[in-house]
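Here is my note on the model, point by point. Please keep the sequence and the 3D view open as you read.

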Amino acid sequence: MSVAAGATGPVMDRDEVDRALARLGAEYEAIETSLLALQDHAGRRLLEGAELTGVTLDRWNATEPAITLLWSYFDTYSAALRAARELRARRRFPSRTDLSELTDILRGESVTVAGGPSSHTQPSITGPAKLSEHITLAALVSRMNDLYARSLDMVVTADAVWSALPARIDLLAAELQRTRSLAHSVGVRPGEHPSGDDLEDITHELKALRTQVVTDPLAFWRPGLGSSAPGGGRPDTERYDRAARALEDVRREIDAVLTVRQDAEQRLVRLRDVLSRADRTLTEARSARGEVLAKIAASEVPAVGGPPTALQEQLVLAADYRRHAQWHRLSPLLESLEREAEDELLRARESLTAVTAPLAVRAELRGRLDAYKAKVARHGMAEDPLLIERYDAARRMLWSAPCDLRVAEQAVLRYQQAAAEVLVPRRSGPSDHTGSPS
């Protein structure tokens, strides 16, 4: 059956009206559910009660009227839907007049809204607007969808920041307080230790950060790239992460100081032992130098340094720090003392080795001389006059004081050469070709 066309286009038939009402009813249920969820959203309730600043205050000043306008639009939508349903319910088979009226309601600019621009643009909440305008139900739904998306984005974003950051900041602040108490117990205080100053800076930063997060959460939001969904993005935790890393660095420093407090006495005992060994080694080197100068002639003998008095003084200072529980000062001092004490012991050993080098050379020459004499004796040449003469000459030089190492070494070489010549097998004489008597 054909019907006449009106200002809104062809008049809808009964089936088209019923399908349109069913669709609008489903939209009504969905819109109502969404609006009630928005109304009950924890983020919206927090925004209503918070003292806002900055970006969040600007956005909320625009969003709060938008939510009010959204409910006003929904009431208008509800009234139009209710009127259409009542008209449709009058007759099982609506008349042409009824269908024409229903077509105007469902498709025409049948709803009047207050304070909005034309139906082709977004509604302006804060700017100047018309007193009223007529739009279609479809346009009204579109406006509600847009207002809802923008309002939900603001509410969800603020709630996401409030859910993520304040609790984490509070946990970090509690950890900071424990660290401050521990630091104070080991002498790490502001003005006395760099880590004490760092703790003060972290304390001020966390206090300022929490205040800003609570009053202006949107300033700590990073929108997702290419995402248009409400709440697309993530909280910006850069400042929190930086404070957490700084506190972790301080905790490691405090742990180092605590370790010093626990094993300070053992480390001091080890340091005393190392410095004592270095001192004894230097004493031995000085004694050996006197012996070398007395027994070895024409030899350069290096001077031996004095005892490590500067390190001993620092060791006394370290013990004083320990007695007065100044662990933050003891920690770096022990570390430097341990390095310097090991270096001092190494220098003392090197000094002893350098001083006793001539005695080692003499001992090596003596051993070489006796080894060749034993070799000569094994070959039955111990009574060779030349070998006896050269051995005696080398031995006198090596066992006399002072011993000239250069001359003694030449004497040992002459004995070696003589021994080598004697020990070379002699060539066999001419063969005897005389045969045996017959």
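How many helices and strands does the protein chain have?

1. The count. The protein chain has 12 helices and 8 strands. Helices (H or I, at least four residues) and strands (E, at least two) are DSSP runs, numbered from the N terminus.

2. Ground rules. This is a predicted model, where local features need pLDDT of at least 70, side-chain atom pairs count only at pLDDT 80 or more, and totals for chains, interfaces and linings use all residues. Residues are numbered from 1 along each chain as its sequence is written, and side-chain values use heavy atoms, with hydrogens and water left out.

3. The whole chain. The protein chain has 438 residues, and 36% of them count as buried. Buried means under 20% relative accessible area, exposed over 50%, and partly exposed in between (1.4 Å probe, protein chains only). The accessible surface is about 24900 Å², with 52% of it on carbon and sulfur atoms. These areas come from the Shrake-Rupley method with a 1.4 Å probe; for residues, only the protein chains shown count as cover. Now take contacts (heavy atoms within 4.5 Å). Among those with a separation of 6 or more, 74% join residues 24 or more positions apart.

4. Helix H3. This helix covers residues 54-88, which is 35 residues. From first C-alpha to last, H3 reaches 51 Å, close to the 51 Å expected at 1.5 Å a residue. The expected span is 1.5 Å times one less than the number of residues. H3 also has a kink of about 25°, centred on tryptophan 60. The bend at a residue is the angle between axes fitted to the seven residues ending there and the seven starting there.

5. Threonine 56. This residue lies in H3. Is threonine 56 buried or exposed? It counts as buried because its relative accessibility is 0%. Leaving aside residues up to four places away in sequence, threonine 56 touches Leu47, Met154, Thr215, Asp216, Pro217, Leu218 and Ala219. Threonine 56 and methionine 154 are 98 residues apart along the chain, yet their C-alpha atoms are separated by 8.5 Å.

6. Leucine 369. Look in helix H10, residues 357-378. Leucine 369 has 0% relative accessibility, so it counts as buried. Beyond four places in sequence, its contacts include Tyr391, Leu398, Trp399 and Tyr415. Its C-alpha is 7.8 Å from that of glutamine 416, 47 residues apart along the chain.

7. Serine 195. Helix H6 (residues 194-215) holds this one. Serine 195 is buried, with a relative accessible area of 6%. Not counting residues up to four places away in sequence, serine 195 touches Val188, Val250 and Glu253.

8. A strand pair. Strands E3 (residues 111-114) and E4 (residues 132-135) pair in the antiparallel sense over 4 bridges. Two strands pair if DSSP finds at least two bridges between them. Alanine 114 has serine 132 of E4 as its bridge partner. In a regular strand the side chains alternate between the two faces of the sheet. In E3, Val111 and Val113 form the covered face, while Thr112 and Ala114 form the uncovered one. In E4, Glu133 and Ile135 are on the covered face, and Ser132 and His134 on the uncovered one.
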